[in-house]
Amino acid sequence: MTFRLSIILGVLAGVLLVAQTAWAQDPLSMTAVRVGQDETGATTYSLSLQILALMTALTVLPSIVLGMTSFTRIIIVLSILRQALGTQQTPPNQVLIAIALFLSFAIMTPILNEIYDTALTPYLAEEMSADDALALGSTLIKDFMVANTHEETLLMFSDMSEEGSYANVADIPLSVVLPAFITSELKTAFQIGFLIFLPFLVIDMAIASILMSLGMMMLSPMLISLPFKLLLFVLVDGWAMTVGSLAATFALGTGG
């Protein structure tokens with residue numbers, strides 16, 4: 001993946017270099033907004049439009065990471081886990097986001113590899129048009145989202161769109177898949193978070209009951225239960241168990 005990431009960065013650098021060269025040779029070419037056709041009849045766009053599309057894609061990249069990958073479920077579960085432990089801001093938000101981001105990258109790697117091999121590589125080799133590559137890549141992402149979306153949630157948004165049934169995953173528009181996937185991820189994340197919260201809740205209740213029976217009502221149960229919860233979490237190797245269980249809850253795709 002490092003090699004492929006280097007290729008992608010190289011392509012971006014090449015686009016910027018071509019833009020700089022074009023500006024040096026013909027400043028008017030950078031300001032022109034043109035849409036035409038080449039010898040084969042395919043639609044071509046001026047360099048300024050291509051750079052605009054690239055910058056727009058970089059702008060919406062965070063939304064894509066949040067809404068079309070496993071990031072949402074992971075960050076919510078980790079936040080609930082921190083709340084259940086009662087450790088306030090430990091781990092800090094930056095650490096939780098880093099864990100969620102790299103775990104999402106690990107989970108999405110097979111899909112990213114498939115998109116690279118079947119869509120991006122043929123496009124860079126000029127064996128596939130940009131429209132075809134984009135359609136194929138979006139279909140692979142939709143396979144992942146549909147595979148991890150509750151059926152009733154998908155049907156609800158499909159009924160809301162009033163577009164009828166779909167023959168396959170490729171026919172489902174992103175306007176239906178995206179909200180259904182995010183809503184389903186929220187539901188699944190809270191279900192997992194509830195199961196994680198239960199054992200820590202039992203410890204809190206037991207400590208509170210013991211303190212009350214001893215007449216130590218002025219002492220905070222959270223202060224006493226925190227070391228016991230940390231001890232339990234460490235003994236069961238809680239971080240590895242949580243991360244491994246989260247990764248196992250995702251399906252990689254339906255196969256179209």
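Here are a few friendly notes on one helix, its two partners and a pocket.

1. Please keep in mind that this is a predicted model, where local features need pLDDT of at least 70, side-chain atom pairs count only at pLDDT 80 or more, and totals for chains, interfaces and linings use all residues. Residues are numbered from 1 along each chain as its sequence is written, and side-chain values use heavy atoms, leaving out hydrogens and water.

2. Take helix α4 (residues 71-85) with α10: their axes (lines fitted to C-alpha atoms over the stretch in contact, with angles from 0 to 180 degrees between N-to-C directions) lie 11 Å apart at an angle of about 150 degrees. The two are therefore roughly antiparallel (over 145 degrees) to each other.

3. In contact here (heavy atoms within 4.5 Å) are Arg 73, Ile 74, Val 77, Leu 78 and Leu 81 of α4 with Trp 239, Thr 242 and Leu 246 of α10. By class, that makes six nonpolar, one polar and one charged (nonpolar being Ala, Val, Leu, Ile, Met, Phe, Trp, Tyr, Cys and Pro, charged Asp, Glu, Lys and Arg, and polar the others, Gly among them).

4. α4 also meets helix α5 (residues 93-124), with axes that come within 9 Å and cross at roughly 140 degrees. From α4, Ile 74 and Leu 78 are among the residues making this contact, which has eleven nonpolar, three polar and one charged residues.

5. What classes of residue make up the lining of the second largest pocket? Ten are nonpolar, four polar and none charged.

Technical notes: Helix = DSSP H or I, 4+ residues; strand = E, 2+ residues; numbered from the N terminus. Parallel < 35°, antiparallel > 145°, perpendicular 65-115°, else oblique.
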